Amino acid sequence: MAARMRGQARQDTAPEMALRRLLHARGKRYRVGWPVPGLARRKLDIAFTRIRVGVNVHGCFWHGCPIHATWPAANATWWRQKIEANKARDKATRAHLEDVGWTLVEVWEHEVPEDALARVLAALETASRT
């Protein structure tokens, strides 16, 4: 199990790359893997640092997607704790970012990239007006 988790992509996943390509094609420039201000060992997948907008692209399995979450039967207790801890960490990260003046857009891997792009662009527009 440890070897499988080590081999799992943490960044540059297909959904993340699709969104980044669309943003880049729209002329948007961003930082990749930007540290969350004030929280050690947590990063934003995509960060627009000047206007304080962050984007995290969540995998449906790893982050307990409300639509596509699955619960493995093998080692079920461990997996449930792992995924619930991920969800709690996501919630704490969101709350912290909001407390320090950032906007966080959370995108699920199952989302159509163009739909995710529209949500990110809307957040960028709103943040640039304030």
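Mentor: The chain exposes about 8200 Å², and carbon and sulfur atoms supply 51% of it. Accessible areas come from the Shrake-Rupley method with a 1.4 Å probe; for residues, only the protein chains shown count as cover. This is a predicted model: local features need pLDDT of at least 70, side-chain atom pairs count only at pLDDT 80 or more, and totals for chains, interfaces and linings use all residues. Residues are numbered from 1 along each chain as its sequence is written, and side-chain values use heavy atoms, with hydrogens and water left out.

Trainee: How do you know that the chain agrees with a compact globule?
Mentor: By its radius of gyration. That is taken over C-alpha atoms, and the globule rule is 2.2 Å times the number of residues to the power 0.38. For 130 residues the rule gives a value near 14 Å; the chain has 15 Å, so the two agree. Along its principal axes, the C-alpha trace spans about 50 × 30 × 25 Å.

Trainee: What makes up the secondary structure of the chain?
Mentor: Four helices and four strands. Helices (H or I, at least four residues) and strands (E, at least two) are DSSP runs, numbered from the N terminus. Along the sequence the pattern is α-α-β-β-β-α-β-α.

Trainee: How do you know that the span of α4 agrees with its number of residues?
Mentor: The expected span is 1.5 Å times one less than the number of residues. Helix α4 (residues 113-129) has 17 residues, so it should span 24 Å; its end C-alpha atoms are 24 Å apart, which agrees. Helix α3 (residues 76-99) has 24 residues and reaches 34 Å, close to the 34 Å expected.

Trainee: Which residues of α4 are called buried?
Mentor: A116, L117, V120, L121, A123, L124 and A127. Buried means under 20% relative accessible area, exposed over 50%, partly exposed in between (1.4 Å probe, protein chains only).

Trainee: Why are they said to line one face of α4?
Mentor: Seen down the axis, the buried residues of α4 fall within an arc of 160°, so they line one face. The arc is that of the directions from the helix axis to the C-beta atoms. An α-helix has 3.6 residues a turn, so residues three or four places apart point the same way.

Trainee: What covers the buried residues of α4?
Mentor: The cover includes α2 (14-25), β2 (43-48), β3 (53-58) and β4 (103-108). Strand β4 is mostly covered too, with five of its six residues buried.

Trainee: What makes β3 and β4 a pair?
Mentor: Two strands pair if DSSP finds at least two bridges between them. Six bridges join β3 to β4, and the strands run parallel. In one of them, G54 has L104 in β4 as its partner.

Trainee: Why is R41 called exposed?
Mentor: R41 has 86% relative accessibility, so it counts as exposed. R41 sits in the loop between β1 (31-35) and β2.

Trainee: Why is A69 called partly exposed?
Mentor: Its relative accessibility is 30%, so A69 counts as partly exposed. A69 lies in the loop between β3 and α3. Leaving out residues up to four places away in sequence, A69 touches C60 and G64; contact means heavy atoms within 4.5 Å.
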